[in-house]
Amino acid sequence: MGNIILTGDRPTGPLHIGHYVGSLKNRVKLQNEGNYDEMYVFLADAQALTDNFDNPKKVKDNVLEVALDYLACGLDPEKVNIFIQSEVPELTELTFYYMNLVTISRLHRNPTVKEEIKLRGFEESIPAGFFTYPVSQTADITAFKANIVPVGDDQLPMLEQAREIVRKFNSIYGDTLVEPDALLPENENARRLVGIDGSSKMSKSLGNCIYLKDSEEEVKKKVFSMYTDPNHIRVEDPGKVEGNVVFTYLDVFCKKDSFKKYLPEYKSLDELKDHYRRGGLGDMKIKRFLNDVIEDELTPIRKRREELAKSPEKVYEILRKGTIKAGQKAKETLKEVKRAMMLNYFE
Ligand code: ATP
Ligand code: MG
């Protein structure tokens, strides 16, 4: 069997640099390496509604925003089916059948969902749709028989849940579904990029993000407001690198030629870190460098995005075509699933 790659994003806001290094960059790399049979990337609008059901406009508007981010980052609709989740109703039907294969207590144990419930203040009354979204995510993955899912590490519990459902399904109804594997970025800091506040994961819901669509001025403002080492007050003071967001981001974004281009008096990040630890290196200097390094990555994305944003109708056309193709595949899988479950009365 060949590789089938799939991932999605919740259209709850435009994408940020955490998405970029956590998953999007890997998707573009996989796309360009071409070692796959099918590749799908989708806008999880139905999932986004599970905790934004009272704000449909937010979800709708962000479908376009996220699609623009995809294309600006280099996803190529000739190679990848980009589709809208709610427009593939087979996914909802699969979810309903998979619900039988999980228990409430198993869903309660999912650490990512637990964290998200707390964050959203849902402890007292969790919307059932939100609570069960890992099951719908299993439907999204298995409908396409995806085996590779490029994600950040907050998604590992979802992948584990999906594998369990697949195993249970196959053992009861016969070999039908494929067990998926997560593909994490190599760089550990990129697997769950911390927000600019330094306290938790960069997340659309937390407002601690640098967005791919941020202007040069916005990025600069955010970089210069970043959390560093609170005890590094004067330039001469020794500084801490661990937990210092500027260094975390440099770890993720620095490229081989970054020093030559923007800070030639240092040869490597290790050298820069050593100097900071010893004292004598100011926060302004490292922030200026980080800003240059991030801009190196974001400037071309921003330019492409501005261009694409001028023709939203073209973007919707890409989504429409991708959705048709995705729907065909999901239909085939649903048919197999229903046959395995003996729900094929008229065949
Ligand atoms: P929300 O707050 O609405 O859940 P989010 O910022 O967590 O938004 P998602 O749409 O849930 O974004 O995640 C999309 C993909 O991006 C997933 O694969 C997820 O693992 C990855 N991702 C999200 N945030 C980060 C991050 N800070 N670092 C690395 N990867 C991330
Ligand atoms: Mg999330």
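**Close-up 1. Lining of the second largest pocket.** By class, the second largest pocket of this predicted model is lined by 8 nonpolar, 2 polar and 4 charged residues, and its volume is about 380 Å³. Of the 14 residues in this lining, those closest to the pocket centre are Lys 25, Asn 26, Lys 29, Pro 185 and Glu 186. Helix α1 makes the greatest contribution to the lining of the second largest pocket, giving 7 residues.

**Close-up 2. Lining of the largest pocket.** The largest pocket has a volume of about 800 Å³, and among the 41 residues that line it, His 19, Glu 116, Asp 154, Gln 155 and Lys 201 are the closest to its centre. The elements that each give two or more residues to this lining are β1, α1, α6 (111-119), α8 (133-142) and β4 (148-150), and of these α1 gives the most, with 5 residues. Sorted by class, the lining of the largest pocket comprises 13 nonpolar, 16 polar and 12 charged residues.

Close-up 3. Strand β1, which covers residues 4-9, is mostly covered, with 5 of its 6 residues buried. Strands β1 and β2 (residues 38-43) pair in the parallel sense over 6 bridges, and within this pairing Ile 4 stands opposite Glu 38 in β2. From β1 the chain passes through helix α1 (residues 17-33) to reach β2, in a β-α-β crossover that is right-handed.

**Close-up 4. Strand β3 and its pairing with β2.** Strands β2 and β3 run parallel and are joined by 4 bridges, with Tyr 40 standing opposite Asn 81 in β3. In a regular strand, side chains alternate between the two faces of the sheet. In β3 (residues 81-84), Asn 81 and Phe 83 point one way while Ile 82 and Ile 84 point the other way, and all of them are buried.

**Close-up 5. Val 178 in the loop between α9 and β5.** Val 178 lies in the loop between α9 (156-173) and β5 (181-183). Its relative accessible area is 17%, and because buried means under 20%, Val 178 counts as buried. The C-alpha atoms of Val 178 and Lys 273, which are 95 residues apart along the chain, are separated by 45 Å.

**Close-up 6. Val 241 in the loop between α10 and α11.** Val 241 is found in the loop that lies between α10 (216-224) and α11 (245-253). With a relative accessibility of 6%, Val 241 counts as buried. From Val 241 to Asp 274 the C-alpha to C-alpha distance is 8.9 Å, while the two residues are 33 residues apart in sequence.

Definitions and conventions
Residues are numbered from 1 along each chain as its sequence is written. Chains are lettered from A and ligands numbered from 1 in the order in which they are written. This is a predicted model: local features need pLDDT of at least 70, side-chain atom pairs count only at pLDDT 80 or more; totals for chains, interfaces and linings use all residues. Side-chain values use heavy atoms; hydrogens and water are left out. Buried means under 20% relative accessible area, exposed over 50%, partly exposed in between (1.4 Å probe, protein chains only). Two strands pair if DSSP finds at least two bridges between them. A crossover is right-handed if, with the strands pointing away from the viewer, the path from the first strand over the helix to the second runs clockwise. On a 1 Å grid over the protein atoms alone, a cavity is a set of points where a 1.4 Å probe fits but cannot get out, and a pocket is an open set with protein on both sides within 12 Å along at least five of seven lines; lining residues have an atom within 4 Å of a point. Grid points are joined across faces, edges and corners, and a volume is the space filled by probe spheres set on the points. Ala, Val, Leu, Ile, Met, Phe, Trp, Tyr, Cys and Pro count as nonpolar, Asp, Glu, Lys and Arg as charged, and the others, Gly among them, as polar.
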